[in-house]
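Hello,

Here is the structure we talked about handing over. Please have a look at it, then read my notes below.

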Amino acid sequence: MKRLLLTLTLALASSACVLADDFNYLYVTSASSLRSFALNQVRRITFSGSDMVVTTTEGTSESIALATLNSLAFHASVPTAIRNLCTESCKSLQLEADRVVVNGKGILKLYNANGQLVRQMVVDGGSSELSLYGLPRGIYIARIGTQSLKLSH
């Protein structure tokens, strides 16, 4: 029984290592707050006494008391309070690399996180692309008709 349990644990651990490249952010939920860390800026995570310490590549450290720690989670998406507006059934509006691809007719509008219209284009039918080139990195909402898509650029 122990051998089976150990084998399953090792199999899960090895698959978790393979999947770790799919994640970009670490979310840490404690009794008082939710913190997020970009994994490309995390140098190491250590445990010292009764604290978890996250050290960044800039040399700063943040301590979180283990007694107040509720959860640790890895996520692929940018942490925002904006929910994803486009569901699985929304196939006519998609993000591909640094462009929004739309199939249909209407006016495609792109808004920044402040709600300001930053780009728009008339879509006459078929497949069209709106480039995100030149826009500052951030969160955007692409909208055509009644369909909307949250994207991070």
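How many helices and strands does the protein chain have? There is one helix, and there are 11 strands. Bear in mind that this is a predicted model.

The overall picture comes first. Along the sequence, the pattern reads α-β-β-β-β-β-β-β-β-β-β-β. The protein chain has 153 residues, and 25% of them count as buried. Its accessible surface is about 10300 Å². Carbon and sulfur atoms account for 55% of that surface. Take the contacts between residues at least 6 apart in sequence: 46% of these join residues at least 24 apart.

Strand E4 covers residues 51-56. Five bridges join E4 to E5, and the two run antiparallel. Aspartate 51 stands opposite alanine 65 in E5.

Is threonine 56 buried or exposed? Its relative accessibility is 14%. Buried means under 20%, so threonine 56 counts as buried. Its side chain makes a polar contact of 2.8 Å with the side chain of threonine 60. Leaving out residues up to four places away in sequence, threonine 56 touches Gln41, Val42 and Arg43.

Best wishes

How values were computed. Residues are numbered from 1 along each chain as its sequence is written. This is a predicted model: local features need pLDDT of at least 70, side-chain atom pairs count only at pLDDT 80 or more; totals for chains, interfaces and linings use all residues. Side-chain values use heavy atoms; hydrogens and water are left out. Two strands pair if DSSP finds at least two bridges between them. Helices (H or I, at least four residues) and strands (E, at least two) are DSSP runs, numbered from the N terminus. Buried means under 20% relative accessible area, exposed over 50%, partly exposed in between (1.4 Å probe, protein chains only). A polar contact is a pair of N or O atoms within 3.5 Å; within protein, one must be able to donate a hydrogen and the other to accept it, and residues adjacent in sequence count only if both atoms are side-chain atoms. Contact means heavy atoms within 4.5 Å. Accessible areas come from the Shrake-Rupley method with a 1.4 Å probe; for residues, only the protein chains shown count as cover.
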